[in-house]
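Hi there,

Here is the structure I promised to pass on to you. Have a look at it first, and then read my notes below.

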Amino acid sequence: SLAILLTAGCAIFTVKKSRPKEFASGLILTYTTMDAYGTVDRPYYEINLYANKHITAGYSNQDGFSDKELTDEQFQEIVDYINSDKFLSLKEDLTDPAILDGSSTSVIIYYADGTTFKTGGLNVSSKTYNGLVDLLYEYK
């Protein structure tokens with residue numbers, strides 16, 4: 001917590017940092033990517049992170065996604081990243097307006113209370129967003 005003293009008014013108060021929201025008990029994160037011309041019937045690549053520390057990856061038109069159990073450290077690194085103020089302050093639409101074609105990506109985080117956090121777009125150049133994507137590809 002952070003204590004602040006206001007000398008002019010002689011007031012002291014404490015500000016507590018909010019606790020991260022609790023993740024859903026099953027699927028907690030989905031990352032998808034497809035080219036700009038992708039449609040519902042075209043395959044896209046997907047990586048999923050689960051609360052049981054498993055990560056799956058594969059193309060939407062294929063059976064048998066890969067399934068890997070993460071170490072506690074790998075799982076915690078991803079959780080800490082997606083709980084960071086820097087990541088959670090990303091806008092929902094991170095599309096680079098200067099580039100009108102290319103790949104579209106998205107990240108959805110699922111919480112126990114039924115809410116979600118969504119971010120992504122076309123040709124995302126955010127270092128914060130791409131840092132998470134790099135972690136997911138490294139550990140899949």
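**What I found**

Let me start with E46: setting aside its neighbours within four places in sequence, E46 is in contact with T30, Y31, T32, T56, A57, G58 and F65. Please keep in mind as you read that this is a predicted model. E46 sits in strand β4, which covers residues 45-50. Is E46 buried or exposed? With a relative accessible area of 15%, E46 is buried, because buried means under 20% relative accessible area.

**The chain as a whole**

Now for the wider view. The chain has three helices and eight strands. Reading from the N terminus, the order of the elements is β-β-β-β-β-β-α-α-β-β-α. Of the 140 residues in the chain, 34% are buried. Contacts can also be sorted by how far apart the partners are in sequence: among those between residues at least 6 apart, 52% join residues at least 24 apart.

**Two helices side by side**

Two packed helices are described by the angle between their axes and the distance between the axes. Here the pair to look at is helix α1 (residues 72-83) and helix α3 (residues 127-139), whose axes come within 11 Å and cross at roughly 165°. That angle makes α1 roughly antiparallel to α3, because angles over 145 degrees count as roughly antiparallel. The crossing of these two helices, α1 and α3, is left-handed.

Which residues of α1 and α3 make the contact? From α1 they are Q74, E77, I78, Y81 and I82, and from α3 they are K127, T128, G131, L132, L135, L136 and Y139. By type, the residues of the contact of α1 with α3 divide into seven nonpolar, three polar and two charged.

The buried residues of α3 are T128, Y129, G131, L132, V133, L135, L136 and Y139. As you look along that list, here is some background: an α-helix has 3.6 residues a turn, so residues three or four places apart point the same way.

L135 is buried, with a relative accessible area of 8%. Leaving aside its neighbours within four places in sequence, L135 is in contact with E77, I78 and Y81. One of these, E77, is 58 residues from L135 in sequence, and their C-alpha atoms are 8.5 Å apart in space.

**Two residues with a positive phi**

Most residues other than glycine have a negative phi. With that in mind, look at K53, which has a positive phi of about 70° although it is not a glycine. K53 lies in the loop between β4 and β5 (54-59), and at 26% relative accessibility K53 counts as partly exposed.

N123 also has a positive phi, of about 50°, and is not a glycine. You will find N123 in the loop between β8 (116-122) and α3. At 18% relative accessibility, N123 counts as buried.

Enjoy exploring, and write back with any questions.

Best wishes

Key. Residues are numbered from 1 along each chain as its sequence is written. This is a predicted model: local features need pLDDT of at least 70, side-chain atom pairs count only at pLDDT 80 or more; totals for chains, interfaces and linings use all residues. Side-chain values use heavy atoms; hydrogens and water are left out. Axes are lines fitted to C-alpha atoms, for helices over the stretch in contact, and angles run from 0 to 180 degrees between N-to-C directions. Helices (H or I, at least four residues) and strands (E, at least two) are DSSP runs, numbered from the N terminus. Angles under 35 degrees count as roughly parallel, over 145 as roughly antiparallel, 65 to 115 as roughly perpendicular and the rest as oblique. A crossing is left-handed if the near helix is turned anticlockwise from the far one by less than a right angle, and right-handed if clockwise. Contact means heavy atoms within 4.5 Å. Ala, Val, Leu, Ile, Met, Phe, Trp, Tyr, Cys and Pro count as nonpolar, Asp, Glu, Lys and Arg as charged, and the others, Gly among them, as polar. Buried means under 20% relative accessible area, exposed over 50%, partly exposed in between (1.4 Å probe, protein chains only).
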